[in-house]
Amino acid sequence: MSAGYRTVAEWAAAAHNGAIIYAMSRKVPSQASVAGRWVDLSMTSGNPPPNYYASTPLEAAVLDPFRGIFHGDDVMPAHKHLVEWTLATPTAGFRGKFQLLDYLLYYPFIDLDDLDEQVLDNTVTLPRYESGDGVMVMAVAVAPTVSGGSFTFDYVDSDDVARTSPTIFTDTTAVNIASLAASAPATVAGNGPFLPLHSASKGVKRITAYRNLVGSGGLVALVLVRPLASAVIRSGNVAEEVVFGGPGIMPPRIVDGAYLGIIVNCSASIAAGTLTTDFIFTWA
């Protein structure tokens with residue numbers, strides 16, 4: 001078992017002893033999306049309320065954990081874990097792969113038209129996973145992009161080495177709000193949900209600067225996240241359940257103060273769709 005549970009019996013006893021939280025999320029997006037592109041559901045309406053990455057431009061900021069997926073109060077010195085995740089939808093567009101993330105830090109309102117270097121303020125630092133190990137970067141559209149741009153960014157990695165990312169291409173078609181701007185499949189923008197890093201980097205501690213090589217219009221937030229768990233919905237109106245703790249599926253730890261949110265690799269537009277997810281957390 002992972003840290004906090006020495007045996008399977010302790011894991012099972014946590015729920016029996018009342019160290020358990022049941023939580024749910026219901027998302028009803030208004031934003032249209034495109035098949036195969038990743039979408040940040042933290043920006044969509046429903047429960048929990050939408051996050052707009054709206055704070056001072058280019059200054060690092062954190063999100064209020066109680067406005068993300070609820071997982072209870074702090075439990076230190078105990079360790080909290082996700083032990084069950086259930087997803088269901090009647091919406092064809094929501095069939096696809098999902099990732100549960102801890103949203104650590106974001107840099108808002110990066111201008112995809114500005115060809116000057118945009119220097120980022122890091123007065124606020126990583127609140128969790130402070131080493132940066134395993135921390136990834138998403139480029140989330142907060143205003144619609146046009147298409148066809150490219151950029152690089154400078155960052156300090158988990159080894160405290162200053163790096164520059166490879167050249168990254170935005171999608172070749174327009175990107176709507178909440179979609180990830182460099183995630184279209186079968187194109188040079190097909191990076192998956194996370195931006196590529198220098199080959200020697202194991203994660204990101206902070207981003208220091210951003211440069212457009214070719215402008216693409218619109219605005220993005222660069223978001224530092226720690227991936228926690230994955231799930232898949234294969235068919236509509238059928239609950240998909242992931243139970244952690246079985247062979248090869250360790251219960252992911254949920255650190256105190258985590259802002260939890262979900263991204264989806266959608267199979268069609270999710271506009272006017274519905275996604276319901278349920279969670280069980282325990283601690284020991």
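## The cavity

On a 1 Å grid over the protein atoms alone, a cavity is a set of points where a 1.4 Å probe fits but cannot get out. Grid points are joined across faces, edges and corners, and a volume is the space filled by probe spheres set on the points. The structure is a predicted model, in which local features need pLDDT of at least 70, side-chain atom pairs count only at pLDDT 80 or more, and totals for chains, interfaces and linings use all residues. Residues are numbered from 1 along each chain as its sequence is written, and side-chain values use heavy atoms, with hydrogens and water left out.

Searching the whole structure gives one cavity of 30 Å³ or more. The largest cavity has a volume of about 100 Å³. It is lined by 14 residues (those with an atom within 4 Å of a point), and S25, K27, L41, P48 and I69 are the closest to its centre.

## The cavity lining

Strands are DSSP runs of E with at least two residues, numbered from the N terminus. At least two lining residues of the largest cavity come from each of β1 (20-27), β15 and β16 (275-283). The most come from β15, which gives three.

By type, the lining of the largest cavity has eight nonpolar residues, five polar and one charged. Here Ala, Val, Leu, Ile, Met, Phe, Trp, Tyr, Cys and Pro count as nonpolar, Asp, Glu, Lys and Arg as charged, and the others, Gly among them, as polar.

Of the 16 residues in β5, 13 are buried (under 20% relative accessible area, with a 1.4 Å probe and protein chains only), and the strand is mostly covered. Two strands pair if DSSP finds at least two bridges between them. β5 runs antiparallel to β12 (residues 219-233), joined by 13 bridges, and Q99 stands opposite S230 in β12. β5 also runs antiparallel to β15, with six bridges; there F98 stands opposite V264.

## Aromatic pairs

Rings of Phe, Tyr and Trp (its six-membered ring) pair if their centres lie within 6.5 Å; planes under 30 degrees apart count as stacked, over 60 as edge-to-face and the rest as tilted. The count is seven aromatic pairs. Y53 and Y106 form an edge-to-face pair, 5.2 Å centre to centre with 65° between the planes. Y53 lies in the loop between β3 (46-47) and β4 (80-88) and Y106 in β5 (residues 96-111), so this pair ties together parts 53 residues apart in sequence. Y53 is buried at 0% relative accessible area, and Y106 is buried at 5%.

Ring pairs also link W85, F279 and F281 into a cluster.

Methods:
Helix = DSSP H or I, 4+ residues; strand = E, 2+ residues; numbered from the N terminus. Buried < 20%, exposed > 50% of the residue type's maximum accessible area, 1.4 Å probe, protein only. 1 Å grid on protein atoms, 1.4 Å probe; cavity = no way out; pocket = protein on both sides within 12 Å on 5 of 7 lines; lining within 4 Å.
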